[in-house]
Amino acid sequence: MKKKILLAVTCLLLIAFITLGVGAYKYFNAYGPETEITIPPGVNAGQIAQILKDNEIIKSTLWFKICLKFSGAAPMLRSGVFTLNKNMPASKVIWRLINDSGTKDFKVKILEGWRIEEIAEALENAEIIKDKYAFIKAAKEADAEGYLFPSTYMFPKDMQPQEVIAVMLAEYDKNIKPLIKQYKGKLTEKELLTIASIVEREAILDSERPKIAAVYLNRVKIGKKLEADPTVQYALGYNAKEGRHWKKGLTLKDLRVDSPYNTYRYNGLPPGPISSPSVNSVKAVINPEPNFDALYFVADNETGGHIFSKNYHQHLQSIRAVRNKK
């Protein structure tokens, strides 16, 4: 019974303090500009009052502590990052420090065609994770390459890698899984996603994705090596000289790198996806360009697209034509 009375009194006091706060607001006409403050874990009420005073959120530490004492709200104050207005009434500040989450969401854009390492770097740069290497390790242990759906996310600061991975996998289930369920072909989900990830790295023009997908599907069908440059780039990993994960200007030495992902050296599909494909790349593999029997393509820098060829002789002619344009 005593606890119920105490709770009721506390609520009434809070209401009274908020009412006083509203009156103070009207008296001073408006709150000041917004400012972001951080309340560290483990600090006491006096320290919180001083942080608020130093940031001009409150005018009097004494009044703030009096409000805390009579409301009994001190144990309920949260730590974290808060956006508050300067010159707020103490009662309003207390209410916000109790009811706000104490977290701030950070925006990060995960691009189509990124590999796990690039995703990890973006997350670390956005302060969503503390250690990109821990994220890379967790993602690889989860066999998540290709399944981390590319999109714009809002995450709080310092999330655990597994939490971020879970959110991105859920987005994959939401956006990609329904497409794969419509697929009637013989490829497994992983095989389909693997080809889509290669298409993602190859395609420049969105309209060419179904054609590029058709080329690789044609090669798989007749048992011809894929000979896809992005798979070699993936196998080579980070290139320190270029400061990028996808090496430009592959050499003959690069094409001989001994990796199961090197589709110039090994037949069939690589062990898994090499990047996170877009919805359009997945759609392209599910619905490739119909009756398209090309087996080769070369980038045409003048058009921004590719020239497709049915046989190697035509392909060589296309390569010569592209070089003559330079």
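Colleague: At what angle do helix α9 and helix α11 pack?
Modeller: This is a predicted model, and in it α9 (residues 189-202) and α11 (residues 229-236) pack at about 95 degrees. Their axes are 9 Å apart. Angles of 65 to 115 degrees count as roughly perpendicular, so α9 and α11 are roughly perpendicular to each other.
Colleague: Which residues make the contact?
Modeller: On the α9 side they are I198, R201 and E202, and on the α11 side D229, P230 and T231. By class, that contact has two nonpolar residues, one polar and three charged.
Colleague: Switching topic: how much space lies in the largest pocket?
Modeller: About 1200 Å³. The lining has 34 residues, and D229, Y264, F297, V298 and A299 are the closest to the pocket's centre. D229 also belongs to the contact between α9 and α11.
Colleague: Nice. Which element gives the most to that pocket's lining?
Modeller: That's α14, with six residues. The helix spans 312-325, and α9, α10 (209-222), α11 and β5 (296-300) also supply at least two lining residues each.
Colleague: And how does the lining of the largest pocket split by class?
Modeller: There are 19 nonpolar, five polar and ten charged residues.
Colleague: What lines the largest cavity?
Modeller: The lining is G146, Y147, L148, F149, P150, Y172, I176, L193, S276 and P277. Eight of these residues are nonpolar, two are polar and none is charged.
Colleague: Last one: what pLDDT does the protein average?
Modeller: The average is 89, and 90% of the residues score at least 70. Over residues 20-29, though, the pLDDT is below 50.
Colleague: How many contacts does that stretch have beyond near neighbours in sequence?
Modeller: Residues 20-29 have seven such contacts in the model.
Colleague: Great, thanks!

Notes: Residues are numbered from 1 along each chain as its sequence is written. This is a predicted model: local features need pLDDT of at least 70, side-chain atom pairs count only at pLDDT 80 or more; totals for chains, interfaces and linings use all residues. Side-chain values use heavy atoms; hydrogens and water are left out. Axes are lines fitted to C-alpha atoms, for helices over the stretch in contact, and angles run from 0 to 180 degrees between N-to-C directions. Helices (H or I, at least four residues) and strands (E, at least two) are DSSP runs, numbered from the N terminus. Angles under 35 degrees count as roughly parallel, over 145 as roughly antiparallel, 65 to 115 as roughly perpendicular and the rest as oblique. Contact means heavy atoms within 4.5 Å. Ala, Val, Leu, Ile, Met, Phe, Trp, Tyr, Cys and Pro count as nonpolar, Asp, Glu, Lys and Arg as charged, and the others, Gly among them, as polar. On a 1 Å grid over the protein atoms alone, a cavity is a set of points where a 1.4 Å probe fits but cannot get out, and a pocket is an open set with protein on both sides within 12 Å along at least five of seven lines; lining residues have an atom within 4 Å of a point. Grid points are joined across faces, edges and corners, and a volume is the space filled by probe spheres set on the points. pLDDT is the predictor's confidence in each residue, from 0 to 100.
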